[in-house]
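Morning, everyone. I have one chain to show you today.

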Amino acid sequence: MKDEKKYYAHSLEGRPQKEWQHLDVHLKNVAEKAAEFASAFQSSDWAWNAGMLHDLGKADNGFQAYLCRENGLDDSDYDGAGRVNHSSAGSALAVEKLGKSGQILAYLLAGHHAGLPDWYSSETGNAALPVRLEEGEKNLERIRIYAESKLTELKSAVPPERFRKAEYYHLWIRMLYSCLVDADFLDTETFMNDVASRDRTGFAGLKELKLLFDTVMDRKVADAPKTEVNAIRQEILSACRNAAQQASGLFSLTVPTGGGKTLSSMAFALGHAVKNNKERIIYVIPYTSIIEQTAGIFREIFGDENVIEHHSNLDPEKETQRSRLASENWDAPIIVTTNVRFFESLYSARSSSCRKLHNIVNSIIILDEAQLIPPTLLDPCVDVMNQLVGNYSVTMVLSTATQPALPKIDKATEIIPEDLRLYDRLKRTEYSFPDLQKPTDWTSLAQELQKYDQVLCVVNTRRDCYDLFMLMPGGTIHLSALMCGAHRSKIITEIKEKLHNNQPIRVISTQLVEAGVDIDFPVVYRALAGLDSIAQAAGRCNREGKLHLGQVKVFMPPKAAPRGLLLKGEQKTRELISTGAADPQRQETFTHYFKLFYGSLNDTGGKFKDLLVKDANPNLYFQFRTAGNDFKMIDDNAQMPVIVRYGDSEKWLDQVKIIGPTRDNMRKLQRFTVNLSKYIATSMLADGRLEEVNKKMAPGIIAQCSMKLYDATVGLDVYKDNLPVEDLMV
């Protein structure tokens, strides 16, 4: 029996029904586009089936009546009572007709708007897949004639052999989900907003960008001063270009700080992309505090239009319509993002976060400062890195000065030949370590620092930074995450200018200065910490080799590092110092250090195997949503973002107060936020120093209340009244 009714997927406001998108057309368009995306990992038939089934529920009379009513049309041809859940009917049909294969599709279909569901309902209740399937069975009966007419268009599919291992299923399903939700969004956008759809095109190809890069680099090399450091940087650049000709795989790029890793790793990536037909380059950075610097370097070479920044601290003034669209699904040649965005997306259950995942396939990922992967998420991060390289044609580069001995990582090919002896030849500093029995008090340290015209002192916490800074003379610069992103950028620019002009400058900073901030001091003091942190601080000392040797002075602060990972790092460094094995200028020292450090951890994220692997074979039970909620590289429960009054933030705060939060005003305010521990934030809300901006329209958006609370030197002055809490953030 044939269903003669016309069914629509999307309407156009103010336009007659003959211009609406037919459901048959939408299903086929999405199936074709999803299949095209999934062909990159040999799963086209699966994505096709998902596309053909995803919106079957829209054939329900209730949904069709809803479209008519929303457009002011007579809905008497349809007897539905209202809008229905259109995702569940296709899920139920998939399971009914395709069995276990259908169960895989059911996760995608049920979640293509609401997010990938869990199987068990203990955490997510009615959002669990069995509950959705029960609902879908009822919805399916109302559209069965139409639904079964689509069965002839489905393709026979079994999971590709390499994805059938229990530990591989969850990422493969998430990749299929990415293909479906991106295809669905793009087809809907093409129909509803063809202007935006056209804005997604026009990026340069990687071959073109490589020619541009090579021209710029040849000029840089020719114009660089003829110093020993620059000669070594050129050797590193050549090694990266040579290694680029190798086949796809996992690589390490181990170069001491100041060796030019950023540009040399890009040289490798571009050459490798052209050689191996890679789609894009994704540069992953640990901290938002340095991402603008790196993205700025790439923009100068490739042009603003070809470099997409995707992170929470992005300056909206730099964002164009095309860059905003490209950041949604990473369909651009060069992406610069953060560890948080990258790894959290790979474990997310949300459609908006997962859209981009299929565009990671057949790409090159440069993981900058790989040692900064949170140890509590080490297992799932390493697992997904191995899978991307082994199953999804990804080339990954672990780029760092202190190459970590990541447990369970597949064997990497080192890009730099041993005979370059970089650690010996790029020795630009001399370390001095303290007597572990003799801590230095802040007053004595402040007096010692005043002996130098140019000195950087890096401490472990924001409270330490504040306390030491308060003992320093006027003109000293304070740098910590108590300052909002816009403020930090301004201060880092000021530091660079003073150093360039050889002016006196003393800086007290937290460790946010360590990972990639391009500054060069003759003397650096570092509070005792993990050996990798000490080496990163040393990377800000005599960076250009202008001195015979810069001085890196490690000191014992008045109190040990805070409990947790910081303290574990300090303890392992103590072990190395006490045995005379703490030489940060020997590569094998870090192998030893990281083995000690990782070996001391009690939790490296093993619970994600319980959520995503344990019941994969043969049951295909996954806790996607619970895993996505739990996989947080920054603990949202431990801190609270606070909007501060700095620069022109007042204008955007006033707008939020009047009209509530919008995408535009909240993007503008991201550069004016400071994360506080919830204890401090709650205390400051209670005494009136912070306030909710708009309780009615925007509950939970917190802002600085007192105009005097934000200081031009220290940022948000939370310690003015000596709040009795240790702030562990950098």
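One term before we start: a contact means heavy atoms within 4.5 Å. Also keep in mind that this is a predicted model.

Now, contacts across the chain.

Next, the overall build. The chain has 28 helices and 21 strands. Along the principal axes, the C-alpha atoms fill a box of roughly 90 × 60 × 45 Å.

What about the surface? The chain exposes about 29,800 Å². Carbon and sulfur atoms supply 49% of that area. As for the inside, 58% of the 730 residues count as buried.

Charges, quickly. There are 88 positive and 95 negative ones. Their mean positions lie 2 Å apart.

Now let's zoom in on one residue, H86. Where does H86 sit? It is in the loop between α3, residues 61-70, and α4, residues 88-110.

Is H86 buried or exposed? Its relative accessible area is 8%, and buried means under 20%, so H86 is buried.

Who is around it? Set aside the neighbours within four places in sequence. H86 is then in contact with H54, D55, L56, G57, K58, F63, H112 and H113. One of these, H113, also has a polar contact with H86: their side chains are joined at 3.2 Å.

That's my tour. Over to you.

Notes: Residues are numbered from 1 along each chain as its sequence is written. This is a predicted model: local features need pLDDT of at least 70, side-chain atom pairs count only at pLDDT 80 or more; totals for chains, interfaces and linings use all residues. Side-chain values use heavy atoms; hydrogens and water are left out. Helices (H or I, at least four residues) and strands (E, at least two) are DSSP runs, numbered from the N terminus. Buried means under 20% relative accessible area, exposed over 50%, partly exposed in between (1.4 Å probe, protein chains only). Accessible areas come from the Shrake-Rupley method with a 1.4 Å probe; for residues, only the protein chains shown count as cover. Lys and Arg count as positive and Asp and Glu as negative; His and the chain ends are not counted. The place of a charge is taken as NZ of Lys, CZ of Arg, CG of Asp or CD of Glu. A polar contact is a pair of N or O atoms within 3.5 Å; within protein, one must be able to donate a hydrogen and the other to accept it, and residues adjacent in sequence count only if both atoms are side-chain atoms.
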